[in-house]
Amino acid sequence: MAGLRIKKVWVDRKVEKDGLTRKLLDGLAGRPVEIVDSVEAVRRFIRQHSDPVGESKQHLFITAQPSFIRPCPCTPGCLGCGYWTIDLDLNCPFDCSYCILQDYLDGQPLTVAVNREQLGSELEEFFKQRPSGITRIGTGELADSLALDELTENSVFLIERFRDRPGFWLELKSKAGLPPALLRVSPADNVVLSWSLNPQAVIASEEKGTAGLEERLRAASRAVGHGYRVGFHFDPILHYPGWHQDYERVVEAIFRLVPVEAIAWVSLGSLRFPPGLLPLARRRFPQSRIYEHEFIRSAEGKYRYPRPLRQWLYRQLAEMFAGFGAEDRLYLCMETVEVWREFYGKIKRGRQNLAFPFPWQC
Amino acid sequence: MVYRLIKLSDLNLEDRRFRFTLNPVDQRLLRSVGAIGVLQPVIITARQDRQVLVDGWRRVEAARSCGLEELPALEIAENIGDLAVLLVAFFENYAKRPFSLAEKSLAIRKFYDFRLGADEIIERFLPLLELPPEGRMLELMLEVSLLGERFLEVIHRRDWKPVTVELLLGFPEAERAWLLSLIEKLTRNQQREIIENFYLLKRKTGKCLEDLAREEKLAGLTGRLLKGEISAADRLLAALREENSPLLSGLHRAIEAEVRTLGLPPKVRLDYDRALEETILRISLEAGEVTDLKEALQSLSETLEKKEWRRLFQLLHYEGE
Ligand code: SF4
């Protein structure tokens, strides 16, 4: 929770008396608290601000979610990776210049759901309905999985629910350090703690408030030491003069601290964003240079690097990972069938199932 | 409100405190007023012993052009404050047509200057104007309202969206004026694209617009456009796009060069995805008869050994920086 800056806590009236609400409020002692009837009151307050996105990250709303589990939407026209998401927290205290939540969440405060028992029941149902095969599920789609974990300890709750559920892979994806609670529980085989990585220069300029590269890698190393599997996400990969050398250093740094065998997967995805993000990000991050690049407008309407460049980036990264015998941990995030095909052709792995390219885990 | 006939000469048209609409008088209104005069009363109110127009600017202008001396009016009592009167002007027009961004900005500026609270503008009026109810939108609108008549007129006439105005505001004032002269007469899309491309180029190169406009590839085109040669706009845009998309532009040039050297039969056409997301060629041919088809296919197959085909596919599959 280092660096967590909460100006005010808002409590949804319907969870005012909840035990977890009380616990959270204890953890946030000293902040002004207001009881409200719905999130609309908070949103209204946030929207008055000249930077509603920045403001939304400093207001914490405690509530109950109507439902938690849904399939990850991926992008139309792209090859999905069969991922499911749990919307346990919404929004994120960090402030990355490329974060699509800026455009997506529309004044939603940092939101913590306390009706975890309902999530527990939804998970039981989910486990029952999808009894065979491999299912990956994570909390990092509309939030950072670990950013608020020192406060909520959601990770521990989830790990206990997934323990002894082979075939169901829980991923906790983050740009934070390692919350101490994760070292107090014994790891589960099917729980992957993963970190999004970028060169330190990119972290410093584009990922405000997040843990530095060194801290993320040390966190991964400690997690491995404790017995967890880990994952890494190179997403978004940014292209700029000197990118190759910078990313090479990151890959080398991974393998100085983490053995290949402990790595469950590594995703690669290049910068992409919906058009609505562009004016917002330009306004909020006037120093950022990442939006000055050459982009195409893809069929689904997002801006992306041109395909030749995306393939080049993935191939270079794949070669870096191949140097450590880890190229079979790679998969692509939100890429077209065309790019997947070329990519797997290039790294010469006859993958049967591109949607979940890890037969070694089945 | 009291109904009465007023003399046009009694109106203080210099006082535009309630005016936020920008549509000029058109021929249809002039013809109508010329034929039957003004039937629908304008709205007025007294301020400092003069009559101030609240609503009906086009009717008054048309009446003046047609040489009328009097016109019907509804008078709002003098003791009604400016904000309440502005609300009348606002809602009187609100029902008639959607406002342009320039008009929205002027309406918001007037509400703000007449001390309507920021909260109320954000919560009540921005949604009415189909703008996001956010503090930053209020700030943007207030800034737009100060851009000056010439800008507001272009924004109004070409129905600009907030994102274009926001980009424009990213340029210093002198550069904005230069841009305005450059794009004033163009279509909305051309205006938007030129602003966007200059914005990008400026950020990428760190050069000011004056220096960019002097560069070889752009100087002639901007010069022609500034002289009013509107046909130069598309070529300027192509040149700007090329500067901002060097990878794809280079590939397109190379592909087109190969297609030219390939010398395809006249009724055969090649096409490909201009975004280069797809790596396939689409070949189409024209045939009105089986013999045409045979001929076209035969002449096409005769080209197949040419090295340009291989190069074409290599270019389509190109991976690199
Ligand atoms: S850490 Fe993730 S969720 Fe948080 S701001 Fe960055 S990109 Fe967005």
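Here are some notes on the predicted model above, point by point.

1. Ground rules. Residues count from 1 along each chain as its sequence is written, while chains are lettered from A and ligands numbered from 1 in the order in which they are written. Since the model is predicted, local features need pLDDT of at least 70 and side-chain atom pairs count only at pLDDT 80 or more, with totals for chains, interfaces and linings using all residues, and side-chain values rest on heavy atoms, leaving out hydrogens and water.

2. The ligand shell. The residues around the ligand (a heavy atom within 4 Å of it) are A:Lys57, A:Cys92, A:Phe94, A:Asp95, A:Cys96, A:Tyr98, A:Cys99, A:Leu101, A:Asp144 and A:Lys175. By class, the shell splits into six nonpolar, four charged and no polar residues. In that scheme Ala, Val, Leu, Ile, Met, Phe, Trp, Tyr, Cys and Pro are nonpolar, Asp, Glu, Lys and Arg are charged, and the others, Gly among them, are polar.

3. Cysteines. A disulfide is a covalent bond between the sulfur atoms of two cysteines; the cut-off here is a sulfur pair within 2.5 Å. Searching the whole structure turns up zero disulfides over all chains. A:Cys96, one of the ligand's neighbours, is buried at a relative accessible area of 7%, and B:Cys66 is partly exposed at 32%. For these labels, buried means under 20% relative accessible area, exposed over 50%, and partly exposed in between, with a 1.4 Å probe and protein chains only.

4. Strand β15 of chain A. Have a look at residues 263-270: eight of the eight are buried, so this strand is largely enclosed by the rest of the structure. (Strands are DSSP E runs of at least two residues, helices H or I runs of at least four, numbered from the N terminus.) On one side, β14(A), residues 229-237, runs parallel to β15(A) and is joined to it by six bridges, with A:Gly231 opposite A:Trp265. β15(A) also pairs in the parallel sense with β19(A), residues 330-332, over three bridges, and here A:Ser267 faces A:Tyr331. Pairing takes at least two DSSP bridges between the strands.

5. The crossover. β14(A), helix α11 (residues 243-257) of chain A and β15(A) form a right-handed β-α-β unit. Right-handed means that, with the strands pointing away from the viewer, the path from the first strand over the helix to the second runs clockwise.

6. Backbone spots to check. Most residues other than glycine have a negative phi, and most peptide bonds are trans. The A:Asp235 to A:Pro236 peptide bond is cis, with omega near 5°, and A:Pro236 sits in strand β14 of chain A. A:Asp106 has a positive phi of about 45°; this residue is in the loop between α4 (101-104) and β9 (110-113) of chain A and is partly exposed at 41%. Over in chain B, B:Gln48 has a positive phi near 45°, lies in the loop between β2 (42-47) and β3 (50-55), and is exposed at 64%.

7. The annotated domain in chain B. An unreviewed UniProt entry lists "domain: ParB-like N-terminal" at residues 27-93 of chain B; positions follow the numbering used here, feature names are shortened, and annotations may be inferred rather than shown by experiment. That stretch is 46% helix and 28% strand, and its end C-alpha atoms are 20 Å apart. B:Arg59 belongs to helix α2 (residues 57-65) of chain B and is buried at 11%. B:Arg59 and B:Leu71 are twelve residues apart in sequence and 9.1 Å apart in space, C-alpha to C-alpha.
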